[in-house]
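Have a look at the structure first, and then read through the points below.

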Amino acid sequence: MALSEAFQVIETLQIPNYRMEDTVRWLCSMSGDFSVASAWEEIRRKMPIAPWASIVWHKNLLPRHSTLGWRLAHGKMPTDVEVQKRGVCVVSRCSLCRKECESTAHLFLTCKFSDAVWNTFADWFGFIWGRPSSILDFLEWWKGKLRSSNLRDLWAVGAIVVCATLWEERNKRCHEGTHRSMKQLLECVKGELQECKFVIRGVKSIQDLCVKTIGLVSSTDIGSGILEVFWCKPDPNWVKLNIDGSSLGNPGKAGLGWGPCFATTRPKWCSRMENTWAFPIASKLKLKL
Ligand SMILES: [Zn+2]
């Protein structure tokens, strides 16, 4: 288009004339406001999302765990076989089973020791360990098991937390000469999961068992808050019988206390029963009252 034609087009344009001052607007966000996130989204080179991203970059994972997961997914963990591939001559023996060469797949998946750890961990969630033979197959299998919605986050982070604990154990055996049993290792896994700050709501019985096995607290275990209770003296010539108790279940272990109170005295507990059972006690009280 010639410049003269362009001017003709411009002259025909209807320019809106509102009684407003012009303002600067950022076109890369819906609101028109600038944000670093929208700028980064505009200039970054977009690549397909890796299939294991939701496992490795899970919001509940500690950064050191995510970093280890990323290295693992890219085959960059410095196991003996990986070091050999880089031209370094090292003799390899798995420090967990002391029988086979230490490849990444062997150390983290197929080693007899690691296999037992995975078996137990999967069993906590009611799964049968799928025994994948490569790290990518393992991450895909793990992601496929994210079907338990209430424990989804807990299961998701478990993959990398267990791998990190196995790697830590391997390093301790290689460099410090210390040795932990499988049971001790699983206790460490529980400790790491407890550090991930989960909020677990509305768990069902089988899931509740899993949560308690790992040592976490579900929201159903948390009380609704402090209830303030006011005590009043009884009227003259009246005796007040104060009763209180609590139980760990129904039926379950329970404790109970009671005491009479007269108009001129403060209440005093005069009986206390422990390690009784809630249901029988409640039934007896009902009969007596
Ligand atoms: Zn081994």
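**Notes on helix packing**

1. Helix 7 and helix 10 cross in a right-handed way (right-handed if the near helix is turned clockwise from the far one by less than a right angle, left-handed if anticlockwise). Please keep in mind that this is a predicted model, where local features need pLDDT of at least 70, side-chain atom pairs count only at pLDDT 80 or more, and totals for chains, interfaces and linings use all residues. Residue numbers start from 1 along each chain as its sequence is written. Helices are DSSP runs (H or I, at least four residues), numbered from the N terminus.

2. The axes of helix 7 and helix 10 (residues 182–195) come within 11 Å and cross at roughly 50 degrees; axes are lines fitted to C-alpha atoms over the stretch in contact, and angles run from 0 to 180 degrees between N-to-C directions. Helix 7 is therefore oblique to helix 10 (under 35 degrees is roughly parallel, over 145 roughly antiparallel, 65 to 115 roughly perpendicular, the rest oblique). Phe113, Ala116, Val117, Thr120 and Phe121 of helix 7 make the contact with Met182, Leu185, Leu186 and Val189 of helix 10, a contact being C-beta atoms, placed from the backbone, within 7 Å. By class, that is eight nonpolar, one polar and no charged residues (Ala, Val, Leu, Ile, Met, Phe, Trp, Tyr, Cys and Pro are nonpolar, Asp, Glu, Lys and Arg charged, the others, Gly among them, polar).

3. How does helix 7 (residues 112–124) pack with helix 9? The angle is about 150 degrees, with the axes 11 Å apart, which means that helix 7 is roughly antiparallel to helix 9. This crossing is right-handed. Ser114, Val117, Trp118 and Phe121 in helix 7 meet Gly158, Val162 and Leu166 in helix 9, giving five nonpolar, two polar and no charged residues.

4. Ile135, Phe138, Leu139 and Trp142 of helix 8 (residues 135–144) are buried (20 or more other C-beta atoms within 10 Å of the residue's own; 12 or fewer is exposed, in between partly exposed). They lie on the same side of helix 8 because they cover an arc of only 95 degrees around the axis. Their cover includes helix 3 (53–56), helix 4 (63–73), helix 6 (104–110) and helix 9 (152–176).

5. Finally, do look at Leu61, in the loop between helix 3 and helix 4. Leu61 counts as buried because it has 23 C-beta neighbours inside 10 Å. Leaving aside residues up to four places away in sequence, Leu61 touches Ser66, Val157, Ile160 and Cys196. Its C-alpha atom is separated by 9.6 Å from that of Asp153, 92 residues apart along the chain.

Methods
Helices (H or I, at least four residues) and strands (E, at least two) are DSSP runs, numbered from the N terminus. The arc is that of the directions from the helix axis to the C-beta atoms. Two residues are in contact if their C-beta atoms, placed from the backbone, lie within 7 Å.
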